[in-house]
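Please walk me through this structure. Begin with the annotated region, then turn to the chain contact and the backbone.

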There are 2 protein chains.
Amino acid sequence: MSTVYTRPLARLVEQLQRLPGVGPKTAQRLALHILKRPETEVRALAQALVEAKQQVGFCSVCFHLSAEPVCDICRAPNREGAALCVVADSRDVIALEKTREFRGRYHVLGGLISPMDGLGPEQLNIQALVQRVGQSDDIKEVILAINPSVEGETTTLYVGQLLKPFTRVTRIAFGLPMGGDLEYADEVTLARALEGRRELD
Amino acid sequence: MSTVYTRPLARLVEQLQRLPGVGPKTAQRLALHILKRPETEVRALAQALVEAKQQVGFCSVCFHLSAEPVCDICRAPNREGAALCVVADSRDVIALEKTREFRGRYHVLGGLISPMDGLGPEQLNIQALVQRVGQSDDIKEVILAINPSVEGETTTLYVGQLLKPFTRVTRIAFGLPMGGDLEYADEVTLARALEGRRELD
């Protein structure tokens, strides 16, 4: 392999292959593309990589990815303080923000309870969540938006029990996805959809 | 979009999206992955990008990508000087090298003749090829390994005519790919396969 590429190109291909979903063919395609771009553009990418890594940490309030000590969402004055949405990961915050449906604030757990992976409640931002909810007079509802996996169910139950003394706790609905087809839905999804049925308005 | 990501993360996603085949979703996935990696690893990727761009140029003999003035293949003493393989692009050299079938040297044209894109023979490394072949006593065969596209055919004919006075000129075979199926092959491929038929040994 390394005899096929000139040394700096081999190193670049090797580095690119460490990225998720990037195999040898994609790494080669990306590397040859990069060699054809102007140096300013390549430097901009390199700089964006290092700066993102250096500058982005976690919000001290909600633990969402943030370049500031407190993130944009926590600082935004027009956010509803009454609703707090609890998610496993920052990527869930990003997904929910893209819907533009939720106007409250978030709390990122930083993972799910998973004894198999050595992840207990103390490794997650759960204590900070309980404190945050317990000390707040504004929070009227905590919405648990956590995947319906084994670890997700465990975490939902655990966090739910801890928060119920302080406020109303809900979780997002599970059921047939929009555009989905009853015929092709798996049994668990269908069972959840039945279980979560509501009165027609 | 930029309100969803904290600023340095937004810049990284934007930069990653410039890469070929990387859309918004992949860019986000790569960026969030990068934020989770140790800083040394991110710096290594950034450095590999800049160094590859800075150090990799073209071989002065064959125009293959090279960090040295003359590339590894041109300098290798165990390469057969009798066979010269002409390709459009460095990625074709890499593909051929991976077969380990060809032991001669290469010449990279740097593209194909394409008047529609303003690419004439003078924009390609054709003059250098003719000089190289004309001045060499070693080269006994030039193999044109160029894609069978309209531009490829034009380039093959043009280069072939220029080189025929000096040496034997051949081109690679076109036909049914290995593992291919007659039933599903397109007509042009099938016609080429018929046309290129050979005596059974």
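UniProt, in an unreviewed entry, lists residues 59–74 of chain A as "zinc finger region: C4-type". UniProt positions follow the numbering used here, feature names are shortened, and annotations may be inferred rather than shown by experiment. Over residues 59–74 of chain A, the chain is 19% helix and 12% strand. The end C-alpha atoms of that stretch are 8 Å apart. Helices (H or I, at least four residues) and strands (E, at least two) are DSSP runs, numbered from the N terminus.

This is a predicted model: local features need pLDDT of at least 70, side-chain atom pairs count only at pLDDT 80 or more, and totals for chains, interfaces and linings use all residues. Residues are numbered from 1 along each chain as its sequence is written, chains are lettered from A and ligands numbered from 1 in the order in which they are written, and side-chain values use heavy atoms, with hydrogens and water left out.

Next, the contact between the chains. Chain A contributes 49 residues and chain B contributes 49 residues, where contact means heavy atoms within 4.5 Å. Together the two chains bury about 4,900 Å², 67% of it on carbon and sulfur atoms. Buried area is the accessible area (1.4 Å probe) lost when two parts are put together, summed over both. A:V4, A:L49 and A:K53 supply 13% of the area that chain A buries against chain B, more than any other three residues.

Four salt bridges link chain A and chain B. A salt bridge puts a side-chain nitrogen of Lys or Arg within 4 Å of a carboxyl oxygen of Asp or Glu. A:D89 forms one with B:K36, and their closest N and O atoms are 3.4 Å apart. On the side of chain A that touches chain B, α1 (7–16), α2 (24–36), α3 (39–55), β2 (65–66) and α5 (90–99) of chain A each supply at least two residues. α3(A) gives the most, with 15 residues.

Now the backbone of chain B. B:F63 has a positive phi of about 70° although it is not a glycine. B:F63 sits in the loop between β1 (57–58) and β2 (65–66) of chain B. Its relative accessible area is 21%, so B:F63 is partly exposed. Buried means under 20% relative accessible area, exposed over 50%, and partly exposed in between (1.4 Å probe, protein chains only). B:R100 is not a glycine either, yet has a positive phi of about 55°. B:R100 lies in the loop between α5 (90–99) and β4 (105–108) of chain B. At 68% relative accessibility, B:R100 counts as exposed.
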